[in-house]
Amino acid sequence: MRGAKTLYAYVNGKITPADKAVVSVFDRGLVLGDGLFETVRAWNGRPQFFGLHYARLAKSAKRLRLRLDMDAAALEKLVKRLCAKSGLADAVVRITLTRGRYLGGLAIDPSLPPTLIITVAPVSGLPPELYQRGVKVAVSSINKAAASGLDSAIKSTNYLANIFAKAEADRKGAYEAILLGPQGEIAELSTSSFFCVVKDKVLTPPIETGILPGITRQVLLRILRREKIPCGEVALFPGETDMMEEAFLCSSIRGPLPITRIDGRKIGGGKVGPVFRKLRMLYDRECEADASSAADASSAADEAPARARTQGLQR
Ligand SMILES: Cc1ncc(COP(=O)(O)O)c(C=O)c1O
């Protein structure tokens, strides 16, 4: 395709054009699904809320006894470099960490180096009318906790439960699927976190429901608490959708996106509500604040060697 940008990828220390980047057929990420990933939105060439993404990755890596050899600053720098080299200001960044080479069997050998992969892609962007009209979602018959068999807080490279829940939603003509927790309560969606408004209070399922601790969910809860908007983490059931004045999903790539139907039932009369609109505006502001604080930090870091040099000269 003439004029198409060359996208670059990082694999274990090497940056190459993405279509030339390779990992071994013996990688445990491929053979056993033995790995983790993070999907991060980059804006103006900078990964958003990167501290939170790195913290989740590091925590999950520790839990799985996976080596994460790069610190947050080095990983962030690498992401920025890939975005710049690929000519992408706005990008979907995927960071994948696996347990490296498969030697047969399941035993964990901590001395083996992990595989670290980073890819960047343009944000395809949702049609803007979805933010104005909202989306319909369907409750899946798949119970996430039972299907994944492992701590849902880990963003593991095995997404089978979510893939099949999404396939169910597709068959019903729904945008995403709601996965249920162990008690049949709403847990999360196939690739996003769930929020709703009941009696003017913004509610989201608690982490104990077996959900991924979404970064966008965390950012929204921080905004809600700071703005003193009544909110809480409570169990919600599909049978309670009639009580919901509004509902929305959220993820790092899409931010908050309104839900106007669950299993064919209208939420908020099928219209996008005022709480969503306000939160969307506050979330966009939070993204801008994050970008400028990251810019401040990186210009301070850029100045740091110069200051150190001056001090060195003075001595
Ligand atoms: C199952 C699941 N829940 C929630 C989310 C939202 O997480 P985040 O806000 O960190 O993107 C995702 C995103 O991929 C997901 O796959």
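Guide: Strands (E, at least two residues) and helices (H or I, at least four residues) are DSSP runs, numbered from the N terminus. Two strands pair if DSSP finds at least two bridges between them. The model is predicted, so local features need pLDDT of at least 70 and side-chain atom pairs count only at pLDDT 80 or more, while totals for chains, interfaces and linings use all residues. Residue numbers start from 1 along each chain, as its sequence is written.

The sheet is open and has six strands, in the order β2-β1-β6-β5-β3-β4, with antiparallel pairing. At its edges stand β2 (14-17) and β4 (46-47); each has a single partner strand, so one side of each is left without a neighbour in the sheet. Strands of a sheet pair through backbone hydrogen bonds, either parallel or antiparallel.

Start with β1, residues 8-11, which is joined to β2 by four bridges, the two running antiparallel. These strands make a hairpin with two residues between them, and Asn-12 in the turn has a positive phi of about 45°.

Angles run from 0 to 180 degrees between N-to-C directions, along axes that are lines fitted to C-alpha atoms, for helices over the stretch in contact. Helix α2 (residues 50-63) lies across β3 (35-43), β4 and β5 (91-98), and runs at about 180° to β3. Helix α3 (residues 72-85) also packs on the sheet: it touches β1, β2, β3, β4, β5 and β6 (115-122), and its direction makes about 40° with that of β6.

The domain bounds, which come from an automatic or database domain assignment, are 8-122 for domain 1 and 128-287 for domain 2. Their centres, taken over C-alpha atoms, are 26 Å apart. Domain 1 puts 21 residues into the contact and domain 2 puts in 13. On the side of domain 1 that touches domain 2, the elements giving two or more residues are β3, α2 and β5. β3 gives the most, eight residues. That side of domain 1 divides into eight nonpolar, nine polar and four charged residues, where Ala, Val, Leu, Ile, Met, Phe, Trp, Tyr, Cys and Pro count as nonpolar, Asp, Glu, Lys and Arg as charged, and the others, Gly among them, as polar.

As for confidence, pLDDT is the predictor's confidence in each residue, from 0 to 100. The protein chain averages 91, and 90% of the residues score at least 70.

Definitions and conventions
Contact = placed C-beta atoms within 7 Å.
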